[in-house]
Amino acid sequence: NHSMVAGTIATATWNSGSYCIVKGATTAAPGGLGQSFSNFIWNCNSESATIPLGAGLTTVNGNLTITNTGSTPQILSLASTALNMTVGGDYIQTGGIVSMNIGASSVTTLNIAGSFNQSAGTLQNGSSTGIQVITFTGAGKTYIQTGTLTNTNINYNINSPASLTLNNN
């Protein structure tokens with residue numbers, strides 16, 4: 001549990017099934033994001049400024065869960081920073097606002113080996129002209145989206161031998 005407003009997440013070997021939970025960030029991302037996590041949860045209800053993760057958070061071997069971003073968006077990538085993020089498990093969003101990118105020309109690619117489940121919150125491109133990419137790499141997965149999704153300039157790729165079941169319109 002990283003409950004600090006700032007600081008750095010300790011460098012560790014994140015064994016399968018372990019969790020890194022960030023819940024204290026208010027105006028800046030913690031340091032130490034450039035390591036491979038097992039499961040990663042962002043739950044910052046006091047977030048009061050847009051917090052870019054930049055290219056720091058790139059590997060989550062298990063589930064990436066966004067539960068709360070306070071009143072402002074969580075940015076996966078900045079204008080000048082392309083991001084290729086790999087999620088080995090599921091992308092789960094139960095609240096908050098996630099902007100994949102705020103740049104006009106850089107691309108954020110979110111590679112998901114598990115299922116996509118957005119039950120609440122907002123997932124958006126965040127860029128006025130840049131095209132962002134969500135790539136599914138795992139077989140037999142589901143896409144469930146009941147939160148707000150701004151599909152503008154988001155491309156979806158289903159890589160062979162991946163398969164995806166759309167559970168809604």
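Is Cys-20 buried or exposed? Cys-20 is buried, at a relative accessible area of 3%; buried means under 20%, exposed over 50% and partly exposed in between, with a 1.4 Å probe and protein chains only. The model is predicted: local features need pLDDT of at least 70, side-chain atom pairs count only at pLDDT 80 or more, and totals for chains, interfaces and linings use all residues. Residues are numbered from 1 along each chain as its sequence is written, and side-chain values use heavy atoms, leaving out hydrogens and water.

**Cysteines**

- The whole structure holds 0 disulfides, a disulfide being a pair of cysteine sulfur atoms within 2.5 Å.
- Cys-20 is in no disulfide, and its nearest cysteine sulfur, in Cys-44, is 10 Å away.
- That distance is too far for a bond.
- Cys-44 is buried as well, at 0% relative accessibility.

**Aromatic pairs**

- There are 6 aromatic pairs. Rings of Phe, Tyr and Trp (its six-membered ring) pair if their centres lie within 6.5 Å; planes under 30 degrees apart are stacked, over 60 edge-to-face, and the rest tilted.
- Tyr-91 and Phe-116 are stacked, with 5.2 Å between centres and 15 degrees between planes.
- This pair links distant parts of the chain, 25 residues apart: Tyr-91 sits in strand 8 (residues 91-99) and Phe-116 in strand 10 (residues 116-124). Strands are DSSP runs of E, at least two residues long, numbered from the N terminus.
- Both Tyr-91 and Phe-116 are buried.
- Tyr-143 and Tyr-156 have ring centres 6.0 Å apart and planes at 90 degrees, so they pair edge-to-face.
- Tyr-143 is in strand 12 (residues 141-145) and Tyr-156 in strand 14 (residues 154-158), so this pair ties together parts 13 residues apart in sequence.
- Tyr-143 is buried at 10% relative accessibility, whereas Tyr-156 is partly exposed at 30%.
- One aromatic cluster takes in Tyr-91, Phe-116, Phe-136, Tyr-143 and Tyr-156.

**Nonpolar core**

- The largest nonpolar core has 32 residues. Such a core is a set of buried Ala, Val, Leu, Ile, Met, Phe, Trp, Tyr and Cys residues joined through side-chain atoms within 4.5 Å.
- Phe-40, Trp-42, Leu-57, Leu-64, Tyr-91 and Ile-134 have the most contacts inside this core.
- Strands that each supply at least two core residues include strand 1 (19-22), strand 2 (39-43), strand 5 (64-68) and strand 11 (132-136).
- Strand 7 gives the most, with 3 residues.
- Leu-64 touches Phe-40, Leu-57, Met-85, Val-87, Asp-90, Tyr-91 and Ile-92, leaving aside residues up to four places away in sequence; contact means heavy atoms within 4.5 Å.

How values were computed:
Helices (H or I, at least four residues) and strands (E, at least two) are DSSP runs, numbered from the N terminus.
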